[in-house]
Each structure stands twice: as structure tokens, then as C-alpha cells.
Amino acid sequence: MLLNLIDTAFQKLTKSLSESDWLQEKRQKAFENFQKTGLPNRKSELWKYTNVRKLEQLPELQTQFHSNFYEITCESEIEVYNLKDLNSKHWQEIQSDTNRVFAEINTAMLNDGFHIVIPANTKVKLKIDYHQTSKNWQNIRSQIVVEENASLELQENYATNCLMNHVAVLHVGINATVNINSKKHLAENSALLHYSVINCQENAEVKQSYVNHNGGLSHFIQDVNFNGEYGRFYSASANMTSDSCEINENLLVNHLVGNSKSEIIKRSIASDKSQVSVNAKAIVAKGADGSEISQSLKNILLSDTANIYSRPELEINTDDVIAAHGSTVGQLNEVSLNYLRSRGIPKIEAQKILIKSFLQEANIFEAEDFLDGIEL
Amino acid sequence: MLKISNLHAGIGDKQILKGLNLEVKPGEVHAIMGPNGAGKSTLGNVLAGMENIDVTDGEILFNQKNLMDFEIEERAAEGVFLAFQYPVEIPGVNNMYFLRAALNAQRKYRGEPEMNSSDFLKLVKSKIKQMNMRDDLLRRPVNVGFSGGEKKRNEIFQMSILEPKLAVLDETDSGLDIDALKIVADGVNQLRSPDRAFVVITHYQRLLDYIVPDFVHVLADGKIVRTGDKSLALELEKTGYSWLEA
């Protein structure tokens with residue numbers, strides 16, 4: 001059914017658009033790739049724990065090109081291009097397979113997008129708000145190129161009711177640094193399919209802090225590629241779900257060259273009938289000696305009916321590597337809870353303190369919305 | 001203040017306390033000694049209301065109220081304080097925040113107004129000096145990275161802020177060197193008052209050199225089998241507990 005829906009929407013969209021030939025070709029090629037690959041299912045590794053039936057319930061796709069799905073705020077002068085006006089050489093190619101097939105749908109059905117260049121040797125603060133301006137499913141693509149020695153501080157916010165298939169590509173140049181703070185406080189009727197790719201050049205550093213709160217269906221895939229030596233990637237994220245919400249977070253770090261470092265901290269909490277699945281994988285290529293990897297996945301179940309799937313994974317194809325990974329799933333620590341209560345703090349308050357404390361391990365200090373929405 | 005009658009308690013199928021009786025009056029210090037596994041810590045945990053222990057029989061009256069009717073936090077607000085044998089680390093929650101939350105929760109329970117942050121700061125600064133503790137411990141997460149001695153001192157510091165009516169010290173001396181032991185004992189002695197009582201659970205007589213008890217009880221196989229004055233502790237130091245088997 002969804003296949004037919006996409007097919008119909010694609011025909012409608014391509015008829016109505018007047019855009020450059022290269023973009024039309026991209027759309028056509030992506031649509032053909034999607035038709036060959038098909039939709040992901042439970043056998044697809046990164047969709048194993050996703051309720052793919054929810055995809056069938058997605059609304060109709062947006063079939064027009066708009067320029068109001070995002071708002072960029074920046075005090076500095078930077079180059080921002082709408083994808084419609086972009087030159088083909090700026091298009092950032094990305095990997096595609098069954099797991100990432102929504103990236104093909106995104107290209108085929110692209111409704112809006114931008115390309116930003118942060119010039120070399122500059123420091124830029126950027127805020128991007130993603131809006132939901134229709135009842136339809138929106139396909140958005142963002143491309144950010146941070147040039148050599150540049151520094152970017154990026155704040156991202158998503159509309160609570162977003163119905164979005166978002167592809168984000170970030171290129172981090174030599175010696176460049178990027179700090180990303182991304183907030184997704186989503187409603188139960190929202191759906192966010194998000195695929196991001198980060199390419200790190202030599203001595204590039206990316207620090208990201210993600211808050212993923214609820215969402216009817218939130219599915220994230222992130223691929224990080226170390227293309228130059230001495231790259232560093234630090235990721236701290238918190239997933240918080242309640243009601244029947246669902247978050248699936250998949251991170252793949254490719255240590256393609258040596259002396260790169262990745263440090264992943266993920267903290268997830270699920271209550272009610274909600275579900276979180278977290279997958280962090282690092283692949284160290286042959287010869288990528290001196291790579292350092294750390295993956296810490298901790299999860300708390302607040303109810304008997306919530307589900308959490310947690311998997312840290314290492315694939316190491318070389319000898320000289322420092323790697324550590326760990327995953328735990330449990331309840332709030334009873335001894336800690338009793339300790340707080342024994343000082344006079346009521347049980348519910350004590351539980352809230354422990355939840356905040358748990359999230360702070362990932363430097364996440366925003367638990368209030370989640371705590372307000374759950375019954376302890 | 002505290003009257004325990006025929007207390008039976010255990011964990012799962014294992015009965016640990018088997019008919020314990022104890023009466024503590026305001027201002028008194030009672031030392032509980034005894035061999036390993038006698039039920040000393042279980043007694044402390046029962047008084048604090050720990051839910052993993054099942055009380056199967058008996059009665060605990062605290063200021064004429066049945067303590068068993070109260071939840072853990074309510075007992076704390078009623079004035080029962082347990083200094084843990086193994087204080088718990090709470091990452092991400094600093095001592096100041098934790099203590100103020102605890103104090104104000106207790107005040108709220110008792111119908112008293114909350115203490116504002118400036119008054120609270122004055123209070124903790126004066127108390128921390130008395131405890132000979134460093135100021136920076138206040139800003140650090142609860143017990144995280146604390147040495148064994150610092151954790152025990154922190155327990156006594158919390159007690160000094162919360163000012164309970166009955167303080168149960170569960171092997172507060174374990175793992176302390178002589179200097180830390182003196183500091184902890186000084187902290188306890190400063191809090192001694194005619195309306196506050198202490199139950200000091202310990203294995204060693206040396207703590208009682210510094211916190212002089214009014215009564216020493218020997219707890220064995222879930223019951224108090226002997227009671228005496230501080231000289232009993234000295235005697236136990238010499239004879240051990242082999243006489244219990246006779």
C-alpha cells in the first residue's frame with residue numbers, strides 16, 4: 001500500500017515541478033533504486049525492532065516543492081542555498097541499501113532542503129528549526145559543509161508534530177570543529193525518519209548531544225565516516241519514551257583510517273508501553289591502527305510493558321586498537337532509591353532525581369517534559 | 001522514644017530477627033554489638049523501613065506511633081535517621097541539591113515552611129565546618145569519588161543537617177582510620193542532646209572510646225542476649241563471642 005502511495009505521489013510531484021535536469025535525474029534514479037530495493041522489513045538489520053506497520057499509517061506524501069519547512073537563524077554571514085537552486089556539484093552523495101532506502105525516497109520526493117557552507121577559518125553559530133506546515137509527509141534534505149579550520153555550533157529543533165523524512169549530510173573539513181545540539185520533543189502522532197551522514201576529514205572534531213523524546217515512530221540512522229586521521233567524534237544522547245511511542249536509534253562509526261577516536265554515550269528510558277531500540281556499531285578498517293572506541297549504552301525500564309533493545313557492536317579488522325563497549329538494561333536502582341527516601345525524599349521525587357541523574361551521565365539536563373508525561 | 005517488642009523479621013524465607021526487644025529513651029546512646037550475621041544491620045534497616053525486609057511479628061513504637069505504619073521517607077520525617085554502612089553513590093546529583101531536597105521534604109511533611117537557599121547555604125557552611133569537611137564536597141555528586149572516610153563523614157554531616165530524633169549508625173566506624181574515626185565520633189558527640197537518641201551498631205569497642213554509650217547490648221541469633229554498661233564492650237573485646245556457644 002505504501003509502495004503504491006509513494007509511486008502515485010512521485011508521478012504527481014515530478015509532473016508539477018520545473019527544476020534543473022540534474023535534480024530531476026537524481027529523483028528518477030533514486031526512485032528506481034527504491035523500487036529495486038523495496039521497503040525495509042523486520043529482516044532488515046536496522047529495522048529489526050521497528051514497528052514497520054506504522055509506516056503504512058503515514059499520511060500522504062507532500063507533492064510540491066516548498067521553501068518554508070525550515071528556518072535558519074545565524075548572526076554571521078554565511079552562504080545558504082535552497083536545494084532547488086543548487087549546482088549539481090554541491091550535491092552530497094550518500095550510501096544506500098535496504099536499511100537506508102528512505103534516503104532514496106527522500107531524494108525522489110524531495111520537498112525542500114538547503115545547502116550551507118561555513119567558510120574556512122570562521123566561527124559560526126547556527127540555529128535551524130524544522131517546521132511541519134502541512135498534514136502531509138515532508139521530505140527534507142540538509143547539507144552543511146564546514147570548511148577547513150572553521151568552527152560551527154549548531155542548534156536543531158524539530159516541530160513536535162513533525163511528519164518528516166529527513167536526510168542530513170555534514171562534511172567536516174580539516175581541523176574543523178562542530179558542536180551539535182539537537183532536540184526532538186515529539187508528539188505521539190508524529191513520525192520522524194532521519195538519516196544523517198557525517199564525514200570527518202583529518203583532525204576534525206564533532207561533538208553531538210541529542211535529546212530524543214517520544215514520537216509515534218522515530219527512526220534514526222547515523223553514519224559517521226573518518227576519512228582523515230586524528231578525527232574525533234563524541235556523541236551523547238538520551239532517548240525517553242512513554243505511552244506507545246517508539247524510538248529506534250542506529251549509529252555506525254566507520255574508522256576508515258587510523259588514530260581516530262569515537263566515544264558514544266547513550267542513555268535510554270522507556271515507560272508505559274513504549275519501546276526504544278539502540279544500536280551502536282563501530283567498524284575499524286584494516287590498517288586503521290591507533291583507533292580508539294568507547295561505547296556505553298545504559299537503559300532503564302520504568303514499566304513491565306515497556307521494551308528496550310540495546311546492542312553495542314564492534315567489528316575490528318586491525319591489531320592496534322583500544323576499544324571498550326558495554327550495555328545494561330535494568331530498573332531504577334532500588335538501593336539508591338531507598339537511600340534517597342531514607343533522607344525524607346518521597347518515592348516519586350526520589351525516582352525523578354534518579355532519572356535525572358541517569359540522564360546526566362550523558363550530559364542531558366532536560367528531563368522535565370518526560371517526567372511530566374509519565375506516571376511513576 | 002523507641003520501644004521494640006518481640007520483633008521478628010527476615011528476608012524471604014530466612015528469619016533474621018527472632019524476638020528482639022529494645023527500649024531507648026531520649027538522650028540515650030545504645031551500642032549494639034554482636035557476631036557477624038547476628039542481625040545488627042537488619043535491625044537498622046527495619047527501623048529505617050527498608051522494603052526488602054519482611055517484618056513478620058512484633059511491634060516498633062516510636063514516640064508512641066507504630067513505626068510500621070510509615071513509609072521509609074515518612075519515618076525519616078518523623079525523625080529516624082539511618083547512617084548507612086555502605087553509603088550509596090548518586091552520580092549527577094550534588095550534595096547541596098540532595099540535602100536541601102531532603103530537608104525541605106521533611107519540613108513539608110511536618111507542616112513547616114521550606115528553607116530558602118540562602119538560609120540553607122548558611123546552615124550547611126556552619127555544619128560542614130563543625131564536621132571538619134571540605135567545602136567542595138558540597139558541590140560534588142553525592143558520595144561519588146569520596147574516600148571511605150569521606151562517605152562516612154558525609155553520613156554524619158547529613159545527620160547534622162537533618163537533626164533526627166533517633167539516629168541509627170550502622171557500622172559507621174568500619175573502614176575508618178583513627179583520625180577519621182575521631183572526626184566522625186566528634187560529629188556524633190556534638191549532636192548528642194537530651195532529646196536525641198542514638199543506636200550505634202559496631203563490631204569494635206574502639207568507637208565506644210569516643211562515643212561513650214549508656215548501654216551496650218549483645219545481639220546474637222536475632223535476639224538481644226545480654227545488656228550492660230560500657231564495660232561490657234571492653235569485656236567483649238577480651239572474650240569475643242565464643243561464650244555465646246556455651
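Reply: The dialogue below treats chain B of this predicted model, from its overall form to its contact with chain A.

Me: What does the radius of gyration say about chain B?

Reply: One compares the value with that of a compact globule having an equal number of residues. For 246 residues such a globule would have a radius of gyration near 18 Å, and chain B agrees because its value is 18 Å. The C-alpha trace of chain B spans about 60 × 40 × 35 Å along its principal axes, and 43% of the residues of chain B count as buried.

Me: Which secondary structure elements does chain B have?

Reply: Chain B has nine helices and 12 strands. Of the contacts in chain B with a separation of 6 or more, 72% join residues 24 or more positions apart.

Me: In what order do the strands of the open sheet of six strands lie?

Reply: In chain B the order is β6-β9-β10-β3-β11-β12, and the pairing is mixed. Strands β6 (80–83) and β12 (223–228) of chain B each have a single partner strand, so one side of each lacks a neighbour in the sheet. From one strand to the next, the twist averages 20 degrees.

Me: In which sense do β11(B) and β12(B) pair?

Reply: Strand β11 (residues 215–220) of chain B pairs with β12(B) in the antiparallel sense, over five bridges. One of the residues involved is B:A220, whose bridge partner in β12(B) is B:K223. Helix α9 (residues 230–239) of chain B lies across β3 (29–33), β11 and β12 of chain B, at about 45 degrees to β11(B).

Me: At what angle do α6(B) and α7(B) pack?

Reply: For two helices, one considers the angle and the distance between their axes. Helix α6 (residues 148–162) and helix α7 (residues 178–191) of chain B pack at about 5 degrees, with axes 10 Å apart. Because angles under 35 degrees count as roughly parallel, α6(B) is roughly parallel to α7(B). The residues that meet include B:I156 and B:M159 in α6(B) and B:I183 and B:V184 in α7(B). The residues of this contact comprise seven nonpolar, three polar and two charged.

Me: How many residues does each chain bring to the contact between chain B and chain A?

Reply: The size of an interface is often given as the accessible area lost when the parts come together. Here one may count residues instead: 20 come from chain B and 17 from chain A. On the side of chain B, α3(B) gives the largest share, five residues. The residues of that side divide into 16 nonpolar, three polar and one charged.

How values were computed: Residues numbered from 1 in each chain as written. Chains lettered and ligands numbered in written order. Predicted model: local features only at pLDDT ≥ 70, side-chain atom pairs only at ≥ 80, totals over all residues. Axes fitted to C-alpha atoms, helices over the stretch in contact; angles between N-to-C directions. Helix = DSSP H or I, 4+ residues; strand = E, 2+ residues; numbered from the N terminus. Parallel < 35°, antiparallel > 145°, perpendicular 65-115°, else oblique. Contact = placed C-beta atoms within 7 Å. Nonpolar A, V, L, I, M, F, W, Y, C, P; charged D, E, K, R; others polar. Rg over C-alpha atoms; globule rule 2.2 N^0.38 Å. Buried ≥ 20, exposed ≤ 12 C-beta atoms within 10 Å, placed from the backbone. Pairing = 2+ DSSP bridges.
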